Amino acid sequence: MPKILLRPVTETDLPILFQQQLEPEAVAMSTYPAKDRGEFMRHWEGILKNKNVTARTIIYKDKVTGHIICWKEGKYEQRIGYWIGKEFWRRGIASTAVAEFLLLMKTRPLFAEVANHNLASRRVLEKNGFSIHDEGGKISMYKLEK
Ligand SMILES: CC(C)(COP(=O)(O)OP(=O)(O)OC[C@H]1O[C@@H](n2cnc3c(N)ncnc32)[C@H](O)[C@@H]1OP(=O)(O)O)[C@@H](O)C(=O)NCCC(=O)NCCS
């Protein structure tokens, strides 16, 4: 397992997180379109002020490698999402970040929405004890019970 650190997201992380969410290969994996700079900064300004959202920057080898976040949405109340910069993929960073985040966020159940073709993210969730709760044609909801 890579040695990572989760710490609160700061405004100085945002330009890096912005670049990471622009990466076309990453966008193709996720269920979210890329945001332009203004939209992204407004979105994160809201997140950083919102006490019901827990967001952490993932640090690996002193670098901002991505983020992980938990928020409330709709009937699947507590959801998690994560995003790793492409240059850091396939080193176990997402798997480790989710494992560490689950120790911090003890609310259960937790949900995560994943595009069915996003095999890496599905694997991250399954390795951390999530299973399919609601299987859709293109997107599925995963759930962690305990
Ligand atoms: C999905 C994502 C978070 C994975 O991050 P990562 O740090 O590379 O993941 P890990 O290194 O922990 O790998 C997790 C597992 O997926 C596998 N994997 C990684 N990339 C893969 C790929 N492109 N295809 C299939 N499997 C893949 C790994 O082998 C590993 O499985 P293993 O432990 O059985 O070997 C990253 O690719 C990403 O941020 N993508 C864009 C945004 C996104 O999809 N976010 C999730 C939305 S729900």
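Helices (H or I, at least four residues) and strands (E, at least two) are DSSP runs, numbered here from the N terminus. Read along the sequence in these terms, the protein follows the pattern β-α-α-α-β-β-β-α-β-α-β-β, with 5 helices and 7 strands. The model is a predicted one, in which local features need pLDDT of at least 70 and side-chain atom pairs count only at pLDDT 80 or more, while totals for chains, interfaces and linings use all residues. Residues are numbered from 1 along each chain as its sequence is written.

Let us begin with overall size. The C-alpha trace spans about 35 × 30 × 30 Å along its principal axes. A compact globule of 146 residues would have a radius of gyration near 15 Å, and the 14 Å of the protein agrees with this. The radius is taken over C-alpha atoms, and the globule rule is 2.2 Å times the number of residues to the power 0.38.

Next comes a pair of helices. Two packed helices are described by the angle between their axes and the distance between the axes. Helix H1 (residues 14-22) packs against helix H3 (residues 37-49) at an angle of about 125 degrees, and their axes are 11 Å apart. Here, axes are lines fitted to C-alpha atoms, for helices over the stretch in contact, and angles run from 0 to 180 degrees between N-to-C directions. H1 and H3 are therefore oblique to each other (angles under 35 degrees count as roughly parallel, over 145 as roughly antiparallel, 65 to 115 as roughly perpendicular and the rest as oblique). On the H1 side the contact is made by Leu14, Phe18 and Gln21, and on the H3 side by Arg37, Phe40, Met41 and Trp44 (C-beta atoms, placed from the backbone, within 7 Å).

The ligand is surrounded by 23 residues, the closest being Ala26, Trp89, Ala94, Ser95 and Ala120 (a residue is near if its C-beta atom, placed from the backbone, lies within 6 Å). The largest share of this shell, 6 residues, comes from H5.

Most residues other than glycine have a negative phi, and most peptide bonds are trans. Aspartate 62, although not a glycine, has a positive phi of about 65 degrees; this aspartate lies in the loop between strand E2 (54-60) and strand E3 (63-73). Arginine 108 and proline 109 are joined by a cis peptide bond, with omega about 0 degrees, and proline 109 sits in the loop between H4 and E5.

Note on methods:
Two residues are in contact if their C-beta atoms, placed from the backbone, lie within 7 Å.
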